[in-house]
Amino acid sequence: LGAVQTYGAFYPRPYPALLAEELGMSALNLAVGGTGPGFYGQYDRLIEAMNRGRFVILQCTAARHAGNSRYEPEGFVEFVVDRTTGESLPGWASWKRIVIEEPERIFDYVAETRAAWVRQSLDLIARITVPVIFFYYARRAPDYKIDMDAVRADAKAIRDGRHDSPFIEGLMADFPHLVDGESVRAVAAHCEGYVECLSAR
């Protein structure tokens, strides 16, 4: 289970296929690009499929669309709904709004979002009856700190029309966006195994 790295967009042999070949066993790739852990809990048939396996590898997904007191998840696949306007927008765009409109609430919203992501992950794990291996697969280590100087610089670039990245780098860091070491450890503690791979591959 996982996001675009697991899904393998535009690549015929993503890592689940490589792992299956190496282990000499079949694998069912249930990844969906841009998804979070809450996505899988919506579909009983996906849970049933997971529980027919020998084990589940759960990739650490991004938290940017897990929701908070301002934004509600919309299907747990990239989009969120602004609770104040009812507008649907990509998770990454919601954080640009926060940085511009409510910079004083950034840390509150981040804490709420991380808590929601952990809760959604644990809810999913609780429904899986086979062993779960939590897989942290990213270019950066789990622990990182929000760089408010970089956030303020990005906010200025957005206001000036010069910001060309979808993400606020100082806020989200690299994938898995907004997930920090504390969040990873909270989820991994409820799994039978934890694997960490730091790679740009």
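**Sheet, histidine and salt bridges**

Student: In what sense do strand β3 and β4 pair, and over how many bridges?
Tutor: Strand β3, residues 79-82, pairs with β4 in the antiparallel sense, over three bridges. Helices (H or I, at least four residues) and strands (E, at least two) are DSSP runs numbered from the N terminus, and two strands pair if DSSP finds at least two bridges between them.

Student: What kind of model is this?
Tutor: This is a predicted model, in which local features need pLDDT of at least 70 and side-chain atom pairs count only at pLDDT 80 or more, while totals for chains, interfaces and linings use all residues. Residues are numbered from 1 along each chain as its sequence is written, and side-chain values use heavy atoms, with hydrogens and water left out.

Student: Back to the sheet: in what order do the three strands come?
Tutor: The order is β2-β3-β4, in an open sheet with antiparallel pairing. Its edge strands are β2 and β4 (88-90), each of which pairs on one side only. On average, neighbouring strands are turned by 40 degrees against each other, direction ignored.

Student: Which helix packs on the sheet?
Tutor: Helix α5 (residues 91-101) does, touching β2, β3 and β4, and its direction makes about 95 degrees with that of β4. Axes are lines fitted to C-alpha atoms, for helices over the stretch in contact, and angles run from 0 to 180 degrees between N-to-C directions.

Student: New topic: where is His-65 found?
Tutor: His-65 is in the loop between β1 (56-59) and β2 (71-73).

Student: Is His-65 buried or exposed?
Tutor: His-65 counts as buried because its relative accessibility is 2%. Buried means under 20% relative accessible area, exposed over 50%, and partly exposed in between (1.4 Å probe, protein chains only).

Student: What is His-65 in contact with, beyond its neighbours within four places in sequence?
Tutor: Among them are Gly-34, Phe-76 and Val-80; contact means heavy atoms within 4.5 Å. A polar atom of the His-65 side chain lies 3.0 Å from the backbone oxygen of Gly-34.

Student: How many salt bridges does the structure hold?
Tutor: It holds 18, a salt bridge being a side-chain nitrogen of Lys or Arg within 4 Å of a carboxyl oxygen of Asp or Glu. One of them joins Glu-101 and Arg-70, whose closest N and O atoms are 2.8 Å apart. This pair links distant parts of the chain, 31 residues apart: Glu-101 in helix α5 and Arg-70 in the loop between β1 and β2.

Student: Why does Glu-101 count as partly exposed?
Tutor: Glu-101 does so because its relative accessibility is 46%, whereas Arg-70 is buried at 7%.

Note on methods:
A polar contact is a pair of N or O atoms within 3.5 Å; within protein, one must be able to donate a hydrogen and the other to accept it, and residues adjacent in sequence count only if both atoms are side-chain atoms.
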